[in-house]
Amino acid sequence: MPLPRTAPGTLKWWVIGSIGIALGVALAVWFGLSATLGLPTWQVTGYKVVDNDSVRVDFEVYSPGGKDLVCTVQALAGDFAVVGSTDVPVELAGADSTRTSTVLRTTSRAVTGDVKTCVVAP
């Protein structure tokens, strides 16, 4: 039994639709990469609640080109309220990455510490 044929002229629209989808995917990938390439990245490697008034946060940063950074480190309470925050200068001295640690003073007991952002130092 032969396969049914599509209506005349529909192949053109399948090709146009496929090309449109491919261009849309390529554009989305390009926007995603251009928004993240060359920006500093960080990862919290650990934290310790020292006491009711402080928390230590250990983290690693990566800066393309070894540019010095300023990282905003926060201490958070159980309800995710910020109970402490400080800006930590991170000197990379030409290296691409480094590990650092900081102790934050808090207004009440924190349950975690986190790095909110890292930006290139002015």
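**Briefing: a hairpin and its sheet**

Strands β3 and β4 form a hairpin with five residues between them, and in its turn phenylalanine 80 has a positive phi of about 70 degrees. This is a predicted model. The protein holds one helix and six strands, which run α-β-β-β-β-β-β from the N terminus on. With a radius of gyration of 25 Å, well over the 14 Å that the globule rule gives for 122 residues, the protein is more spread out than a compact globule.

- β3 covers residues 69–76 and pairs with β4 over eight bridges, in the antiparallel sense.
- The pairing of β3 with β6 is also antiparallel, and it runs over eight bridges.
- Alanine 75 has glycine 84 as its bridge partner in β4, and it stands opposite glycine 113 in β6.
- Leucine 69 has valine 90 as its bridge partner in β4.

**Burial and core**
- Seven of the eight residues of β3 are buried, so this strand is largely enclosed by the rest of the structure.
- For the protein of 122 residues, the buried share is 25%.
- The largest nonpolar core has 17 residues, of which Phe59, Val61, Leu69, Cys71, Val73 and Val90 touch the most other members.
- At least two residues of this core come from each of β2 (54–62), β3, β4 and β6.
- In soluble globular proteins, nonpolar side chains tend to be buried together.
- Leaving out residues up to four places away in sequence, leucine 69 touches a set of residues that includes Pro40, Val61, Val88, Val90, Leu92, Cys118 and Val120.

**Overall form and surface**
- Taken along the principal axes, the C-alpha atoms fill a box of roughly 80 × 40 × 25 Å.
- The accessible surface of the protein comes to about 8,500 Å², and carbon and sulfur atoms account for 62% of this surface.
- Among contacts between residues at least 6 apart in sequence, 63% join residues at least 24 apart.

Definitions and conventions
Residues numbered from 1 in each chain as written. Heavy atoms only, no water. Pairing = 2+ DSSP bridges. Helix = DSSP H or I, 4+ residues; strand = E, 2+ residues; numbered from the N terminus. Rg over C-alpha atoms; globule rule 2.2 N^0.38 Å. Buried < 20%, exposed > 50% of the residue type's maximum accessible area, 1.4 Å probe, protein only. Contact = heavy atoms within 4.5 Å. Areas by Shrake-Rupley, 256 points an atom, 1.4 Å probe, with all protein chains shown as cover. Core = buried A, V, L, I, M, F, W, Y, C linked by side-chain atoms within 4.5 Å.
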